[in-house]
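Hi everyone, thanks for coming. Let's have the structure up on the screen and walk through it together.

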Amino acid sequence: MSVRGTRIPPHLQLPIAGVTPPPTEKEGQRLFPTGNFRFFRPVYRDKTPPCNNACPTGEQIQKYLDYVKHDRYLDGYLTIMQDNPMPSVTGRVCYHPCETACNRAEHDEPIGIRSVERFLGDYGLALTDDPVKPALPPLNGTTVAIVGSGPAGLACAYHLRRRGYASVIFEALDKPGGMLRAGIPHWHLPEEILDAEIAKLTGLGGIEIRCGVRAGSDISWDELRAYPATFLALGQDVGRRLPVEGIESRGVTGALEFLREVGLGRPVQVGRQVLVIGGGNTASDAARSAIRLGGGEATIVSLEAEDELLIVAEDLEQAREEGVAFSPTTSLVRVLAEDGHVTGAVLCDARLAKEADGSVRPEMVPGTEREVACDSIMIAIGQVQQLAWLPDHLSDRGVITADQHGRVEGNVFVGGDVMRGPSMVVDALGDGKRAARDIDRVLIAEELGPEPEVEVMPYAGLNAAYFRHAPRIDAPLTPAAERRRSQQVEVTLAYSREQAAAEADRCMSCGVCNGCDNCYIVCPDVSVMRDARENGAYTIRTTYCKGCLVCVQECPTGCLEKVPEMDFDDPGDVTRMETAFAPYDGAHAEQSAFTKQLIEETIAEYDAARKAPAGNGKTTSTPNADSGVRP
Amino acid sequence: MSSILPTVYNVRKRHHVYHELTVWSRGIIMDKEARDVSSCVAAAARALGLYADNVSDYIDDPDRTNCLVRRYARFGDSPIVDRFVYENPHPDWVVLVEETIIKAVNFLRGTPDRGGVVVVNSVRDPQYLLKFLPDEMKAKIAKFVVVDAVGLAEQRGKSPWMFVRNLSELALDRMSTEGAEERLAIGLGIAAPLIGALTAATGVLPLDAVADQVADRDALLRGAQQHTVVDFTASAGTPTDGSAPDGSAAGPVPVTHAAPTG
């Protein structure tokens with residue numbers, strides 16, 4: 001750019017006009033600000049990635065995947081631990097709503113988030129010293145009562161501990177873990193992993209688990225309410241009964257009760273021909289466990305059609321691999337028994353009829369009854385909880401009623417299955433986290449506000465051109481034949497370190513700046529400043545940015561947005577162009593007058609020189625004689 | 001030197017009419033609007049028998065998208081002698097075709113104190129826009145006029161802005177931006193209400209005479225009737241004194257009113 005015609009502002013003025021300070025000097029580094037003449041200003045505004053939004057615990061998945069990308073496993077583990085106390089558990093058993101929501105599914109395939117989480121969880125468990133413990137605040141002297149040591153209760157205790165509260169957990173069974181132990185088979189979640197995760201939590205100090213204390217019989221409602229705050233996370237461990245003939249025969253059990261006995265390591269008798277009644281995940285788990293224990297066959301009898309089954313897709317596929325048979329759109333009519341022991345069942349065709357109000361009811365097809373032989377029947381048609389010990393107005397059909405904050409009354413909160421009905425482990429973990437936050441609020445007499453609004457980043461907001469297609473790395477599985485043999489062989493196996501890093505590398509960091517430097521590179525006006533290569537550490541030099549929006553267009557993650565310049569209402573951040581556009585100031589006009597004056601002076605000098613007496617060798621004595629003008 | 005001047009110079013000198021109009025806009029995409037404002041004002045003045053110039057700016061790079069550009073018009077009752085200085089050294093009429101320019105430059109450099117009429121195309125509140133002006137710029141304003149020219153112009157498609165409507169047309173418009181003959185009628189679209197608001201707020205040129213030069217006469221009249229004026233001279237006791245004589249508040253307190261001047 002030419003500096004001719006430029007009006008030099010005072011701070012740039014040097015003895016020689018047009019020579020400006022070099023860029024090594026402070027003043028030289030702020031030459032020619034181009035000011036606020038842009039329409040739009042680029043603004044970094046992180047949105048919520050869909051995975052993070054879908055996770056009930058609000059795990060910052062993008063963040064820990066970014067750490068794994070850069071081999072920072074400890075940071076990744078600590079990031080998970082901010083939201084989820086047991087990544088080794090959810091890394092194995094979670095039904096991964098994050099992967100279902102993943103934007104990458106629209107690009108190629110969703111990211112294997114659960115497997116990376118498991119990798120980080122196992123990394124954390126393998127550490128000799130718990131890295132979470134040193135950062136915990138000291139105990140503040142308040143102890144909160146928690147009923148149930150399932151995922152909701154443990155998560156609540158953990159998050160309370162992070163806030164300085166001690167807790168005492170009352171567990172009805174003789175081992176802690178709730179449904180994690182009594183509902184999830186060992187081939188999904190090995191017992192030693194669960195034990196290690198619970199030991200990790202109790203090792204934090206301030207979390208006491210009292211086993212064999214059943215709420216209602218061993219500890220009363222009034223005793224629970226006497227604590228400063230109470231969290232009810234009893235779960236639902238009572239299977240629904242099926243009112244058919246012969247249901248009282250030996251060999252007919254609840255699937256939930258079967259899984260509990262197996263999970264607690266008690267001796268269980270299973271036949272070689274098992275019918276599991278029900279179309280959900282419990283039915284699948286029970287059938288697969290029955291195959292492992294009895295070595296025989298298992299058939300899932302469900303009212304749902306094959307494509308309506310409520311079993312998670314990958315479990316369904318694994319169950320088929322292991323030889324579980326399916327009898328969809330079928331209903332159990334009655335149980336056949338001899339000497340009080342089940343010998344078979346009468347089934348018939350049926351379907352689920354949808355009522356106008358959205359509920360479903362079985363509809364049997366008359367005349368399709370048929371007999372099948374079997375020696376075990378398991379009922380997995382839903383579960384409730386025994387809540388007679390609670391005041392009547394607090395429970396309704398096996399769940400505890402609460403307001404939108406999960407608050408039952410006073411300082412008593414509820415969460416997990418006993419509030420929402422059968423649901424995911426991660427739902428319970430999220431309830432525990434929210435309950436801990438809300439208990440903290442009521443104990444320090446703060447208002448329980450609504451959940452903050454979040455803006456979820458859609459796939460359309462990303463610059464998809466930047467992301468090359470890369471296939472998902474599926475978690476390795478144990479061969480089906482080997483799985484069938486043992487209750488202890490884990491079905492899904494772990495990622496290697498390389499696999500975890502490669503899978504994390506596929507994350508598109510939806511809506512969150514992960515310091516990719518793209519804006520820094522593409523800015524044609526050197527207006528993007530980078531202090532350190534760390535998340536979100538860029539600043540836009542608004543005195544130079546011309547609003548070309550190349551950075552916004554080229555931001556792969558969509559965290560850069562354009563905001564109308566006029567929406568920024570701080571008069572203090574307005575910088576007007578001064579030097580580069582000095583011709584705008586009418587400088588040309590001023591210069592022409594100046595030039596005119598110079599010419600007139602020169603002519604006057606010339607005339608004066610001509611008028612001086614010549615030829616006598618004397619020079620003139622005008623003051624400007626040395627100005628370069630010669631006669 | 002006086003012998004080369006036309007005789008009319010001496011006849012009209014007694015009126016002392018002289019105004020400089022600087023229109024600020026953005027290269028290519030909003031250049032036609034700015035050009036029309038200055039063209040119509042100059043043409044109207046000339047039709048009234050005044051001397052007038054209408055100059056485009058070359059330094060400002062009108063062929064660069066978004067770059068700030070200006071168009072100049074000046075008119076008076078005496079010949080404009082300084083024909084080779086095309087920048088207006090003392091603009092007393094300033095039009096901002098697009099509102100963001102209010103933050104961008106000192107568009108009042110050279111304007112006499114309390115002598116400037118500023119017309120801004122914006123839907124925002126005048127006080128919000130004035131917030132961005134430093135005191136030394138406010139001291140030069142006599143009237144601050146805000147007109148929603150986008151809303152008052154003839155509505156076509158998504159927006160009356162030419163660049164929103166049709167990019168291929170804009171490519172041809174670019175040729176007239178760079179000096180070729182005008183493709184479209186002069187005084188269309190957003191320019192018309194801007195000219196109307198400027199004419200009404202300054203009150204120097206008769207509205208009818210200006211309207212005769214404009215293609216969209218109705219939009220011009222809408223602009224002349226529907227705009228907001230912040231009158232700095234009304235509340236300030238003297239043009240140079242910023243204190244409010246009515247004591248309603250400290251400092252210069254502009255009076256805001258919708259001016260249905262026709």
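This is a predicted model: local features need pLDDT of at least 70, side-chain atom pairs count only at pLDDT 80 or more; totals for chains, interfaces and linings use all residues.

Residues are numbered from 1 along each chain as its sequence is written, while chains are lettered from A and ligands numbered from 1 in the order in which they are written.

In contact, meaning C-beta atoms placed from the backbone and within 7 Å, are 23 residues of domain 2 of chain A and 26 residues of domain 3 of chain A. On the domain 2 side, helix 4 (residues 87-93) of chain A gives the most, with five residues. Helices here are DSSP runs of H or I with at least four residues, strands are E runs of at least two, and both are numbered from the N terminus. That side of domain 2 of chain A divides into 12 nonpolar, six polar and five charged residues. Nonpolar covers Ala, Val, Leu, Ile, Met, Phe, Trp, Tyr, Cys and Pro; charged covers Asp, Glu, Lys and Arg; the others, Gly among them, are polar.

Next, a helix pair. How do helix 3 (residues 73-81) and helix 7 (residues 113-126) of chain A cross? Their axes come within 9 Å and cross at roughly 100 degrees, with axes fitted to C-alpha atoms over the stretch in contact and angles running from 0 to 180 degrees between N-to-C directions. That makes helix 3 of chain A roughly perpendicular to helix 7 of chain A, a label for 65 to 115 degrees. Helix 3 of chain A brings Tyr73(A), Gly76(A), Tyr77(A) and Ile80(A), and helix 7 of chain A brings Glu117(A), Leu120(A), Tyr123(A) and Gly124(A). By type, the contact holds five nonpolar, two polar and one charged residue.

Finally, chain B. Trp24(B) sits in strand 1 (residues 18-26) of chain B. Why is Trp24(B) counted as buried? Because it has 26 C-beta neighbours inside 10 Å, and the cut-off is 20 or more other C-beta atoms, placed from the backbone, within 10 Å. Beyond four places in sequence, Trp24(B) touches residues including Leu68(B), Val97(B) and Phe107(B).

Notes: A residue is buried if 20 or more other C-beta atoms lie within 10 Å of its own, exposed if 12 or fewer, and partly exposed in between; C-beta atoms are placed from the backbone. Two residues are in contact if their C-beta atoms, placed from the backbone, lie within 7 Å. Angles under 35 degrees count as roughly parallel, over 145 as roughly antiparallel, 65 to 115 as roughly perpendicular and the rest as oblique.
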